[in-house]
Structure formats: C-alpha cells, structure tokens
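Please find below a short note for a colleague who wishes to look at the fold and at some of its contacts.

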Amino acid sequence: MDNRKIVVIGGVAAGATAAAKARRTSEDADISLLEKGKYISFANCGLPYYTGGTIESRNKILLHTPKSYGGRFNVDVNVNTEAVDIDRKAKKVLLSSKEGEGEIEYDRLIIAVGGKMIIPPIEGIDNTPYFTMRTVEDADSVKEFIEKSKPKSAVIIGGGFIGVETAEAMLHCGLETTIVEAKPEIMPNLPQVVAMNLREYIENSGVSVKRGVFASKVEKDGGIKVSLSSGETIETDMLFLCTGVLPNTDLAEKAGLRIGETGGIWTDDTMRTSDPEIYAAGDAVEKLNRITRKKVLLPLAGPANREGRTAGYNSVTDGDVKFPGVIGTSIVGFGEYCAACTGLTYEKALEAGYDAEYVYTEDADISEYYPGFNFIFLKTVYEKKTGKILGAAASGKTGVDKRIDCIATAITGGLTVYDLEHLELAYAPQFAAAKDNLNLAGFAASNRLRGTGYIITPEEMLEILRKEKDTQLVDVRTKMEYRHGRIDDAVNIYVNELRKNLDKIDKSRPVYLYCAVGFRGYIALRTLRNLGYEAYNITGGIEAFNRIKKIL
Ligand code: FAD
C-alpha cells in the first residue's frame, strides 16, 4: 500500500464513511476531508427529533467533532472549506474558505457532496422567510425561533419523509401544524393505501393534511400567508420547505464527469466515476436498482454509507469491491405509527415489465391472545410466473420494521412467495404468531399462484360492483361484525354456518366472499369451491376493501 493522497469532498454520511474506511484500509494513505459546513459526521436523520425535543442533547446528533474524527482516523479535516472546482489534469481541487482561496492535490478523489434542495416555483418564495431541515444550523435556527418568537403555527410544504418528521417535531413543540402535499397522498414512494393509513394516524394526532393541492403563493404580511391552488389561504407563523432533494452534480458537471440518465453522477459498481481516479458516493450519485437493473435515485442514509465505504476502500487499494445496488427499503414514523416499504410497488413492477400481482394481508404483530398486540397491514407484490418477491409495503404500530426487513432480505436473496410460506421465524407469543404475517402473505400468494386461492383484489371487486348488477356478495363474519358495517348488498352467512345455508347461495352465479381480513373468507371459499361453486375471496377482506374504496 502506498502513501497516496486521498481527498474526500463532503463530510457527512458518505464522505465521513469513505474517509474512515480509507484509513481503516491503509495506515499510509494521506487523507483529507473537505466540508463546506461547520460540522462533519452529524446525524442528519436525527435532526427532526432533536428539533422536536425527543432527542434532548444537541451533542447526541454531533457524532464527531472535526477534532475527535481527525484524531481517531488521522484525517486532516477542513471544515468551512468549500471545493469550488476540480482540475482533473493537474489533479487538484480548488478551495474557498474564510482564509481565502486555495488548492489541494489528490491521487484519488471522492465526491460525496449529497443532494441539493428542490425549491418549487412558488410565487413570493424568494422574499418570504422559510425554514428547512437539512443541517445542524437549520435545526438550531428552528429551535431558536420557537424559543424567542413563540410561534403558534407551522405550515410544511411537502409530505415526504422529512415533511412528515418535521410535522411530528412541530406538533411536539405545541404548534398547530399543517402539511401541504401536491400529490394525492403523502409519502408518494409508498403504495397509496399504505400511505393513507399513516396519514389518517397523522390527522388523528391533530395535524391538518392538505393533499392534491400545491402552495401557489407565499407572502410575509405580519405572519406568513400561504395561498393554495384550491383557493384556500392559510395564515402561519412558520413556513417549512420539505420538498425533496436532487443530486448535487455541480462540481462533477463542471469537471466534465459523466452524469447518468437519472441526473445523478454516473459511477460503475466500484463507485468509480467516468474518471478512473475520481470516485463518488451518496445522494449525489445514481444507483443501480437490483431488481429492475435500471438506474435510480435513492437519497437515503443506508446506501450513502455503504457506497462511501466501498469508495473509501477502492480508492486506497484500486480494488474492485462492488456496491451491488439498491432495492429501495425505507421506513417513516409518526408517533406510535409507521409505514415502510421495500422493493417495487405494483405499479413500478408493471412499469418495469413484470407480469406482477399482489395480495393484501392483515394480522396481529404478536399472538392475538397475548396482551398489547397491534395489527400490521401488508401488501406483497410478486411475479406471477415465478412467484419471485418483488416488493412489499406495510403499516402499523409495531413489528412493521421487522417484516419489511425480512422481505428486504428475501428480495436480496431472490426468494419467492413459496419460500415466504415456509419462512421459519422466531416465535413466542409476545414476539410473533406461530403463523407470522409473512407466512400468511406467503400462504395467500402461493394459494393464488397454485390456483387454489381464487383471490379477487379489492380493486377488481370495486370494478365488478361498478359494472355489474346483482353481484352475489357474502359476508362470512359474525352477525355483530356485519351489523357494524358491510359492503352494500352483501348477505351475511357466518363461516361456521355456511354448510347449513347453502340454499341461500345461487350456484349458477359467481359468489364473492369476504371477512374482516381474508382468513375466514378463505375457509368459506375452500368449502364452496369443493362443493362446485364459482367462489372468490377478497384479499385483505373488508378492511382492505374499505381502504381501497377511499382511494378509487
Ligand atoms: P450529506 O449527508 O448531505 O452530506 C453531504 C455534505 O457535503 C454536506 O455536509 C455538504 O455541506 C457537503 N458539501 C456539499 N458540497 C460541498 C463542496 N463543494 N465542498 C465541500 N463540502 C460540500 N435517510 C434515511 O435512510 N433514513 C432517515 O431516517 C433519514 N432521515 C433524514 C432526515 C433529515 C432531516 C435529512 C436531511 C435526511 C435524512 N435522510 C434519511 C437522508 C440521509 O441523511 C441522506 O441520504 C444522507 O445523509 C446522504 O449522505 P451524503 O453523504 O450523500 O450527503
């Protein structure tokens, strides 16, 4: 290993990881880190929780000071130092800092400059004060404003991850909080039905969510007036822009590096850019989706850290350790509730050319006979031909992360829904059920693929109800459940009394069955199919049906 000079631009997730990995790989390398901000290696994912007071100590989000990091890794850390240009021929980075301009030479360069904020074209935005939630300084100024000015309300433009987390923080601070989201539903990366569950929880917690409308104009007039495309105007004391990020490619473009089809910096699977002596990692680069084999943008901390690690190692060794790509696993929480996803949504799977289908399942996170269980709503997407799992999304209070992480592992390992059916998972009543949610999803999907499940999706059921008259619907729940709410025109025959009441079902016509979440409907389905009826069971039961009905 030689004493080559490694320069890393950007000192947070990907950059700090890259420099640390480079040092762990070589004691001889001469490593410098350049960061235009005041802080390095801070926990940006923790900022909303610090702002809202859940994380009390500011020091907790500062994972390292330049001194502690520099000392531990023997890295020359330069904060308040911006890389303004790269001279690839001379292998130099041009710098700007309070001390003036300078330059630093490199043998290998790693660009880890993150993303840049999307500022939507809102009239008046340039003349109206707004907050963002991206840096330690951002969190400091939000906290200071709340302490000094005692605002009563906040409007958050953007209902993605950071918008949702900021809304929770503002609610914690006692502010009347509104989220404005231009898309029909918050969290656009999730299936709408799963995002809707989260949004309903957020609304029930006291946050107002305006969906399908965009902020067309903002103006400061004492307080801040936010005009929405719906014609409504909201008066607020604080305005937040949480409208997402795009890859920061300014330096790379200026240096003539290849920019990929998605707008992120192009790299190969060793994180090398189009210049073999320059690597790049994190939100600034585009990534390979492992399922579709297409390039995507995915500004998340996990990929940024692992790409940084890969770039750090390869830059020191000229090695070919590979970053295999991403599948898109993420989670967002609000209070006690959360929503998570991995892999492809059904729509993305179709877009990618898969002949895909899905099942809805809903079951308790732990054994239902054990105190304190919560339900998890799960949508599992798979390829029809092979049963290969393509994606999943879930919502609920507890145990969602565990199920989505298992499915992420299953997708990475190329498992099918037949494997899910037989996944052997840890079970004791307080941790899971003997037939876990994931097994149930495997049962439902495998039965469907084997041609024994005769599933109909809520979406298909709604279409039939819209098009056809006199649809034969049977609710196989108890009388009590039926009385509390049912699909219009459904008759009630409790599953345990089905055989005694066959005369109430017209055998010459299809019969559509449902229960609460799909399980009793499936038992009824098998009884009727074995007796020669053309029966179908609504996947996810009336719970899924009612959710989908709200959307369609
Ligand atoms: P960054 O972490 O943004 O670091 C880039 C650094 O480069 C910045 O400090 C910047 O100042 C510096 N820089 C830029 N240009 C220059 C230059 N020319 N010269 C010198 N320095 C420069 N992801 C998750 O997976 N889960 C979460 O829960 C989650 N929560 C988040 C919450 C918040 C509030 C935010 C802001 C992000 C969150 N993320 C989350 C996203 C995650 O933090 C990012 O994906 C990750 O930090 C990207 O790492 P990066 O190193 O590419 O960029």
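Predicted model: local features only at pLDDT ≥ 70, side-chain atom pairs only at ≥ 80, totals over all residues.

1. The parallel sheet. Four strands form an open sheet in the order β11-β10-β9-β15, and their pairing is parallel. At the edges are β11 (208-211) and β15 (238-241), each of which pairs on one side only. On average, neighbouring strands of this sheet are turned by 15° against each other, direction ignored.

2. The pairing of β9 with β10. Strand β9 (residues 153-157) runs parallel to strand β10 (residues 176-181), and 5 bridges join the two. Within this pairing, I156 stands opposite I179 in β10.

3. The helix on the sheet. Helix α6, which comprises residues 161-172, lies across β9, β10 and β15. The angle at which α6 runs to β10 is about 170°.

4. The packing of α7 and α17. Two packed helices are described by the angle between their axes and the distance between the axes. Here, the axes of α7 (residues 192-204) and α17 (residues 541-551) come within 10 Å and cross at roughly 90°. Because angles of 65 to 115 degrees count as roughly perpendicular, α7 is roughly perpendicular to α17. From α7, the contact is made by Q192, V193, M196, N197 and E200, and from α17 by R547, I548, K550 and I551. Sorted by class, the residues in this contact of α7 with α17 are 4 nonpolar, 2 polar and 3 charged.

5. Aromatic pairs. How many aromatic pairs does a search of the whole structure find? The search finds 10. In the pair of Y358 and Y360, the ring centres are 5.4 Å apart and the planes stand at 65°, so this pair is edge-to-face; the cut-off for that class is over 60 degrees. Y358 and Y360 are both buried. Together with Y346 and F377, Y358 and Y360 form one aromatic cluster.

6. The surroundings of Y536. This tyrosine, Y536, is part of strand β29 (residues 535-538). Y536 and V511 are 25 residues apart along the chain, and their C-alpha atoms are separated by 6.3 Å. Which residues is Y536 in contact with, leaving aside its neighbours within four places in sequence? They are Y454, I456, P510, V511, Y512, L513, L525 and R529.

Definitions and conventions
Residues numbered from 1 in each chain as written. Heavy atoms only, no water. Pairing = 2+ DSSP bridges. Axes fitted to C-alpha atoms, helices over the stretch in contact; angles between N-to-C directions. Contact = heavy atoms within 4.5 Å. Parallel < 35°, antiparallel > 145°, perpendicular 65-115°, else oblique. Nonpolar A, V, L, I, M, F, W, Y, C, P; charged D, E, K, R; others polar. Phe/Tyr/Trp six-rings, centres within 6.5 Å; stacked < 30°, edge-to-face > 60°. Buried < 20%, exposed > 50% of the residue type's maximum accessible area, 1.4 Å probe, protein only.
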